Amino acid sequence: MNLTEWKQKCAAVEAEYKKQIAAAADADVLEAARVASLGRKGALTELLKNLKDFSIEEKKEAGPLGNELKKNLEAAFESKEMTLVAAKLNADLEKTNIDLTLPGAPVAAGHYHPLTIALNRMTAVLSKLGFVWADGPQIEEEKYNFDYLNIPAHHPARDMQDTFFIAGKPGMVLRTHTSNVQVRYMEKNKPPLRIMSPGRVFRKDDIDASHSPVFNQIEGLYVDKNVSLADLKSDLTAFMKGLFGAKAEVRFRPSYFPFVEPGVEVDVKCVFCDGKSPCAFCKGTGWKEMLGAGIVHPQVLRNVGIDPEVYSGYAFGMGVERLAMMLLNIKDIRAFYENDLRILRQF
Ligand code: PHE
């Protein structure tokens, strides 16, 4: 074959396969044409093999021509392939009846548990009042839960009826209050100090609308020079007003806890009624007890190596669930623990 014939054949191959490419209606037909032209034994591949029989001068002309043609055909196959893929996708979409303009399926978003919501609001107010976070263990040594807090061995709180002791671990209890953090913190840190310590506590209580064997408290402790009951009263009043708004009312009653002297109990005006019975939450008294508090007993300070002649302090321990119930308008403490989504989703 001479160069002229070779060029004619090339032109014929190009024309033939461009025609086939244009006519190909699906991917299989197109692929067959590609193999027939550019495959190992394809028409163009065979023609390119003839190049070796030409003279150097002829090769200079034929070589670039052949390459050009090959690239041309390859590009034509590729572009047709993309056209076919797009067409097939469109055809499939037509058939499947999907409306791409519809909004997507909603993703279920989680949120905080109501108890956490309430707890966060309480610690937010306390931190504005200058309290910093301190943590303590829930499984505690008796000495931190009781002895260092001036709670003697014969105190009823230390009875098997009231406290969970741990089988096989003498001297260990599930803490009955967050006051263990007071002594643990004062053991390591010297005054002035001002801490809040939220956490779980455990008592052998029955379950009813306002009691649970597991509940939460927030301990507060402020020790410095000249801390008095006036500081306690103004800080707790500020806390309740910060939580419930300016019209919140607080009442202090004398009470007794071995680790404070004097001791008080603090009630908050019931938000559910005006003291009119019957109100299940405050039992018609108009007030709900929210916390125990008092001036830290000198013996407790001595137990942790702080001189009560120089320093004094106040402490309080408040019930998180009770405050949360008033804050979120929940009348039964069990709502916090039963995980009924119909209730939890309201917050
Ligand atoms: N720990 C006491 C209780 O759980 C509350 C309290 C804390 C009282 C701090 C006085 C001071 O009942």
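**Exercises on a predicted model**

Ring pairs link F131, Y222, Y314 and F316 into a cluster.

**Exercise 1.** Determine which type of ring pair W6 and F54 form, and which parts of the chain the pair ties together.

*Solution.* 
Step 1. The ring centres of W6 and F54 are 5.8 Å apart, and two rings pair if their centres lie within 6.5 Å. The count of aromatic pairs under this rule is 8.
Step 2. The planes of W6 and F54 stand at 85 degrees. Planes over 60 degrees apart count as edge-to-face, so the W6 and F54 pair is edge-to-face.
Step 3. W6 belongs to helix α1 (residues 3-23), whereas F54 sits in the loop between α3 (43-49) and α4 (56-96); the pair therefore ties together parts 48 residues apart in sequence. Both residues are buried.

**Exercise 2.** Classify the ring pair of F257 and F259, and state whether F257 is buried or partly exposed.

*Solution.* 
Step 1. The centres of these rings lie 6.0 Å apart and the planes meet at 40 degrees, so the pair of F257 and F259 is tilted.
Step 2. Buried means under 20% relative accessible area. F257 has 22% and is therefore partly exposed.
Step 3. F259, at 10% relative accessibility, counts as buried.

**Exercise 3.** Identify the edge strands of the open sheet of 7 strands, and describe the setting of β5.

*Solution.* 
Step 1. The strand order is β1-β4-β5-β9-β8-β7-β6, and the pairing is mixed.
Step 2. β1 (132-133) and β6 (250-255) each have a single partner strand, so one side of each is left without a neighbour in the sheet. These two strands stand at the edges.
Step 3. β5 (residues 214-224) runs antiparallel to β4 (residues 193-202), with 10 bridges joining the two strands.
Step 4. Of the 11 residues of β5, 9 are buried, so β5 is largely enclosed by the rest of the structure.

**Exercise 4.** Describe how helices α8 and α10 cross, and which residues meet.

*Solution.* 
Step 1. The axes of α8 (residues 229-244) and α10 (residues 320-328) come within 10 Å and cross at roughly 40 degrees. That angle makes α8 oblique to α10.
Step 2. F239, M240, L243 and F244 of α8 meet L323, M326 and L327 of α10. This contact comprises 7 nonpolar residues, with no polar and no charged ones.
Step 3. α10 also lies across β5, β7 (260-269), β8 (287-296) and β9, at about 60 degrees to β9.

Technical notes. Residues are numbered from 1 along each chain as its sequence is written. This is a predicted model: local features need pLDDT of at least 70, side-chain atom pairs count only at pLDDT 80 or more; totals for chains, interfaces and linings use all residues. Side-chain values use heavy atoms; hydrogens and water are left out. Axes are lines fitted to C-alpha atoms, for helices over the stretch in contact, and angles run from 0 to 180 degrees between N-to-C directions. Helices (H or I, at least four residues) and strands (E, at least two) are DSSP runs, numbered from the N terminus. Angles under 35 degrees count as roughly parallel, over 145 as roughly antiparallel, 65 to 115 as roughly perpendicular and the rest as oblique. Contact means heavy atoms within 4.5 Å. Ala, Val, Leu, Ile, Met, Phe, Trp, Tyr, Cys and Pro count as nonpolar, Asp, Glu, Lys and Arg as charged, and the others, Gly among them, as polar. Two strands pair if DSSP finds at least two bridges between them. Buried means under 20% relative accessible area, exposed over 50%, partly exposed in between (1.4 Å probe, protein chains only). Rings of Phe, Tyr and Trp (its six-membered ring) pair if their centres lie within 6.5 Å; planes under 30 degrees apart count as stacked, over 60 as edge-to-face and the rest as tilted.
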